[in-house]
Amino acid sequence: MLAVGAGAVAWSVVGRQDTSAAMGEVRASSAPSATASAPPAEDRLHAQVDAVLKVRASAVLAGKLPQFLATVDPRNKKLRQQQQVLFGNLRKIGLRKLTYEREPKWAPEPQPQHGPSAHAFRVQMMVQIAGIDPAPRAVQLGYTFVERGGRLLLVDDDDLNGSYGRGTYLEPWDLGAIEAIRKPGVLVVVPAGERANGERLAREARAAAPGVRAATRRAQAAILVIAMADRRSMDPEWQSGGHPAAAVAAYNLAPIAEDPRDMKVVGSRVVIHPDQRKKAGRLLLAHEFTHAAMAPLGFSAPTWLVEGLAMYAEMQLAEQRGYDVSEPRDELLDEAIPQLDVLPIDGVFHGEYDEDSYGVSWILVEFLMDKYGQKKVNALYADLAQAPEDPTLREQLLRKHLKLSETAFVAAVKKYDGPS
Ligand SMILES: [Zn+2]
């Protein structure tokens, strides 16, 4: 139950191409003929790769499977079958925008296992799900191409997996046939055959959303929820308290035009752990949706506030649904809160004190909401999310918004006995 900035930040993207639709078969012979200005072989190869990538993207957007498969090695039945599933998955998800952009500064890597001319290229897939993503999101790929019979063909799509810039999880559309369930404000992606669970999660997501809006006064307009059976849908580093997180709100990243090595957050998606996908309900989703709603404010808010606010939204929703939250609250007020010396520290938050860290953080935020109100809590959050992660600065911001030092804040929480 945490917010993650999924890596790949150092993947450089320079010189975005104009990827307006370019249809038709791509043949090596279509490269400029030998005139005085014939480009060197490498430039010609790059131009061919770019052309094949354009064909793939436009084929997906236009729903033209034969055109898509025309770029794939005709001898490799397994790859063709996988690519056909990928095509079908992307069509089911429904894309508003799709481009594949070769990383121009990266030297192609020879892949002799596919033949002497085979090279892997770094490719950035910029994908925007229709009605869900506010902007295209970057997905890092490695595509291996060979030139055969005058044509450039895709021969493999995982030769660069696990290498620099490529995440250690896979996108749901790369994990076999899927089903996509669309409801207002949510798209749930599940494995083929799990439609009923997808429908259930879509209902739970819709039940969670109003609570998140009420607790945060902000929310992502629409969100993707991924609930795959395949463990590769989760990054092994998405941990909480030494065990895999039940779900994560993962940032959607896109390159910043001015500095292609930097990425900015353009939204979030929620990934549910495979073991939790049939149990996860509105409370877990409310927690993750809160992270998604707050993500655009910045990365730097202290973990107690990030997790405390998500817990607060979750517990508010639980209470509205008739759960008695006074029991866990009283237990925390009796046992964990009296032992508090300082606010929970970021570095050990997800460590061995995991269970109490979340509960204590809930109490801290509930206290702030009760005594100071949502507006002040939100203003404090916004300032802390933008500030450098520095204890002195954080203390200054506490004083600015709450007129409290950290010590006075902790002392006041010890006197708290539940919402008024
Ligand atoms: Zn969390």
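Visitor: What makes a residue buried here, and how many of the 420 residues of the chain count as buried?

Guide: Buried means under 20% relative accessible area, exposed means over 50%, and partly exposed is in between, using a 1.4 Å probe and protein chains only. By that rule, 53% of the 420 residues of the chain count as buried. Bear in mind that this is a predicted model: local features need pLDDT of at least 70, side-chain atom pairs count only at pLDDT 80 or more, and totals for chains, interfaces and linings use all residues. Residues are numbered from 1 along each chain as its sequence is written, and side-chain values use heavy atoms, with hydrogens and water left out.

Visitor: Why is Arg102 called buried?

Guide: Its relative accessible area is 9%, and the cut-off is under 20%, so Arg102 is buried. Arg102 lies in strand S2; helices (H or I, at least four residues) and strands (E, at least two) are DSSP runs, numbered from the N terminus.

Visitor: What makes the pairing of Arg102 with Asp50 a polar contact?

Guide: A polar contact is a pair of N or O atoms within 3.5 Å; within protein, one must be able to donate a hydrogen and the other to accept it, and residues adjacent in sequence count only if both atoms are side-chain atoms. The side chains of Arg102 and Asp50 make such a contact at 2.8 Å. The side chain of Arg102 also makes one with the side chain of His46, at 3.5 Å. Contact in general means heavy atoms within 4.5 Å, and beyond its neighbours within four places in sequence, Arg102 has contacts that include Val49, Leu53 and Phe121.

Visitor: What makes the phi of Arg217 worth a look, and how do you know whether Arg217 is buried or exposed?

Guide: Phi of Arg217 is near 55°, a positive value in a residue other than glycine. Arg217 sits in the loop between H4 and strand S9 (223-226), and with a relative accessible area of 65%, Arg217 is exposed. Lys403 also has phi near 55°; at 69% relative accessibility, Lys403 counts as exposed.

Visitor: What makes a set of residues a nonpolar core, and which members of the largest one touch the most others?

Guide: A nonpolar core is a set of buried Ala, Val, Leu, Ile, Met, Phe, Trp, Tyr and Cys residues joined through side-chain atoms within 4.5 Å. The largest has 47 residues, and Tyr100, Met125 and Phe145 touch the most other members. Helix H1 (residues 41-62) gives the most to this core, with 6 residues. A second, separate core has 44 residues, among them Tyr358 and Leu384.

Visitor: How do you know which classes line the largest pocket?

Guide: Ala, Val, Leu, Ile, Met, Phe, Trp, Tyr, Cys and Pro count as nonpolar, Asp, Glu, Lys and Arg as charged, and the others, Gly among them, as polar. On that count, the lining has 11 nonpolar, 5 polar and 7 charged residues. H3 gives the most to the lining, with 6 residues.
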